[in-house]
Amino acid sequence: MKEEKVILVDINDEPIGLMEKIEAHQHALLHRAFSVFILNEKNEIMLQQRAAHKYHSPLLWTNTCCSHQRPGETNLNAGKRRLMEEMGFVAELKELFHFIYKAPFDNGLTEHELDHVMIGYYNEEPNINREEVESWKWMKIEDVKEDMIVNPDIYTVWFKIIFDEFYHYLESHKL
């Protein structure tokens, strides 16, 4: 399979080029990304556990799905595409906000992303893609917050950063 390219951007989210995903992570270059949070009617977040063979952060828990937009693809379409590819369902998504973060991994790679954070709602069980996802679970937002303090090593580096931004957004906005 051909390596996927990411869209390099400036701090205003203006595209400045394309680069192989692994190379962008090796050089910690700012690129466009998205993170999807799926909630159910009980206000629980659907978390996924990354597959064991992933080249970074294997078996760690994270938000419902996240990835990178493709050239010419809208943020919402990218979120829906990846939600189907990883979790096996489609939901209507709404973009909440975006922000820039930088997160180094223990394998020498670094995420440096302008991340578009989206929310959607779904009440069924996903049909997970075992190539991407090891497991999944519903978890109350407050329980995630508390568990990250008690068990920080079971969560992806970026999820801890993104969840904090998401949590503060929920505190100050009515959805």
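Modeller: Contact means heavy atoms within 4.5 Å of each other. This is a predicted model, in which local features need pLDDT of at least 70 and side-chain atom pairs count only at pLDDT 80 or more, while totals for chains, interfaces and linings use all residues. Residues are numbered from 1 along each chain as its sequence is written, and side-chain values use heavy atoms, with hydrogens and water left out.

Colleague: In what order do the elements of the protein chain run from the N terminus on?

Modeller: Helices (H or I, at least four residues) and strands (E, at least two) are DSSP runs, numbered from the N terminus. The protein chain has 4 helices and 9 strands. Their order is β-β-α-β-β-β-β-α-β-β-β-α-α.

Colleague: What radius of gyration does the protein chain have?

Modeller: The radius is taken over C-alpha atoms, and the globule rule is 2.2 Å times the number of residues to the power 0.38. The C-alpha atoms fill a box of roughly 40 × 30 × 30 Å along the principal axes. For 175 residues the rule gives 16 Å, and the chain is close to that, so it is as compact as a globular protein of that length, with a radius of gyration of 15 Å.

Colleague: What percentage of the residues of the protein chain count as buried?

Modeller: Buried means under 20% relative accessible area, exposed over 50%, and partly exposed in between (1.4 Å probe, protein chains only). Among contacts with a separation of 6 or more, residues 24 or more positions apart account for 61%. Of the 175 residues, the buried share is 51%.

Colleague: How far apart are the mean positions of the positive and negative charges of the protein chain?

Modeller: Lys and Arg count as positive and Asp and Glu as negative, without His and the chain ends. Each charge is placed at NZ of Lys, CZ of Arg, CG of Asp or CD of Glu. For 19 positive and 31 negative charges, the mean positions are separated by 2 Å.

Colleague: Which exposed residues does the face of helix 3 turned away from its buried side carry?

Modeller: Helix 3 spans residues 141–150, and its buried residues are Ile141, Val144, Asp147 and Met148. They cover an arc of only 120° around the axis, which puts them on the same side of helix 3; the arc is that of the directions from the helix axis to the C-beta atoms. Their cover includes strand 3 (31–39), strand 4 (44–50), strand 9 (133–140) and helix 4 (157–172). The face turned away carries Ile149 and Val150.

Colleague: Which residues does glycine 79 touch, not counting residues up to four places away in sequence?

Modeller: Glycine 79 lies in helix 2 (residues 75–87) and is buried at 0% relative accessibility. Methionine 118 is 39 residues from glycine 79 in sequence, with 7.7 Å between their C-alpha atoms. Outside the sequence neighbours, glycine 79 touches Phe34, Val36, Cys65, Leu93 and Met118.

Colleague: Is arginine 130 buried or exposed?

Modeller: Arginine 130 lies in the loop between strand 8 (110–121) and strand 9. Leaving aside neighbours within four places in sequence, arginine 130 is in contact with Ala51 and His53. The C-alpha atoms of arginine 130 and alanine 51, 79 residues apart in sequence, are 6.9 Å apart. With a relative accessible area of 56%, arginine 130 is exposed.

Colleague: What phi does asparagine 43 have?

Modeller: Most residues other than glycine have a negative phi. Asparagine 43 lies in the loop between strand 3 and strand 4 and is partly exposed at 44% relative accessibility. Although asparagine 43 is not a glycine, its phi is positive, about 65°.

Colleague: Which residues are in contact with serine 57, leaving aside its neighbours within four places in sequence?

Modeller: Serine 57 sits in the loop between strand 4 and strand 5 (61–62), and has a positive phi of about 55° although it is not a glycine. Its relative accessible area is 11%, so serine 57 is buried. Beyond the sequence neighbours, its contacts are Arg50, Phe105, Thr156 and Trp158.

Colleague: What distance separates the C-alpha atoms of histidine 27 and phenylalanine 105?

Modeller: Histidine 27 is in the loop between helix 1 (21–26) and strand 3. At a relative accessible area of 48%, histidine 27 is partly exposed. Phenylalanine 105 is 78 residues from histidine 27 along the chain, and their C-alpha atoms are separated by 12 Å.
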